Amino acid sequence: MSAALQERLQAASAEFQKIQAELSAVVDARQKLDAQLSENELVKKEFTSLTPDNTVYKLVGPVLVQQDQTEAKQNVDTRLGFIKGEIKRVEGQLKELGDKSDKKKHELVEIQAAIQQETAPTAA
């Protein structure tokens, strides 16, 4: 087996593992964003059942601080918009990394096939 092919295989394998690690990190980020999105949508849903007489509190550190209902609703809407934007960004990263992963996987298969072709005539 030629040293050049072996080096290419090792380099491509290392790149593939790096891409897989990045992909895993982005998937984790996506899951966290999904959790935040559902939590904030639940809060927004709860706001619909409030009357103007209800008091809204916001957790600031270890203390609950009274907050204006309108301001609280606006904060949640702003947060939802931000989270949805981040989800779109992360989805783009997932697609890009998935494509990179597929290309690198294909490259690895080609290198392995070349190595097999190189070693097959000597075995026969």
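This is a predicted model: local features need pLDDT of at least 70, side-chain atom pairs count only at pLDDT 80 or more; totals for chains, interfaces and linings use all residues.
Residues are numbered from 1 along each chain as its sequence is written. Local features need pLDDT of at least 70 and side-chain atom pairs count only at pLDDT 80 or more, while totals for chains, interfaces and linings use all residues; side-chain values use heavy atoms, with hydrogens and water left out.

Let's start with Asn40, which sits in helix α1 (residues 3-48); helices here are DSSP runs of H or I with at least four residues, strands are runs of E with at least two, and both are numbered from the N terminus. Asn40 has a relative accessible area of 5%, so it counts as buried (under 20%; exposed is over 50%, partly exposed in between, with a 1.4 Å probe and protein chains only). Setting aside neighbours within four places in sequence, Asn40 is in contact with Val76, Arg79, Leu80 and Ile83, where contact means heavy atoms within 4.5 Å.

Over in helix α2 (residues 69-123) you'll find Gln69. Gln69 is buried too, at 13% relative accessible area. Not counting residues up to four places away in sequence, its contacts are Leu50, Thr51, Pro52, Asn54 and Val56.

The largest pocket has a volume of about 210 Å³. Of its 13 lining residues, Val43, Tyr57, Lys58, Val76 and Arg79 are the closest to the centre. A pocket, on a 1 Å grid over the protein atoms alone, is an open set of points where a 1.4 Å probe fits, with protein on both sides within 12 Å along at least five of seven lines; lining residues have an atom within 4 Å of a point. Points are joined across faces, edges and corners, and the volume is the space filled by probe spheres set on them. Helix α1, strand β1 (56-60) and helix α2 each supply at least two lining residues.

Finally, the salt bridges: there are seven, each a side-chain nitrogen of Lys or Arg within 4 Å of a carboxyl oxygen of Asp or Glu. Glu15 pairs with Lys104, their closest N and O atoms 2.8 Å apart. That pair links distant parts of the chain, with Glu15 in helix α1 and Lys104 in helix α2, 89 residues apart. Glu15 is partly exposed at 41%, whereas Lys104 is buried at 10%. Asp34 and Arg30 also meet in a salt bridge (2.2 Å, N to O); being four residues apart in helix α1, they are separated by about one helical turn.
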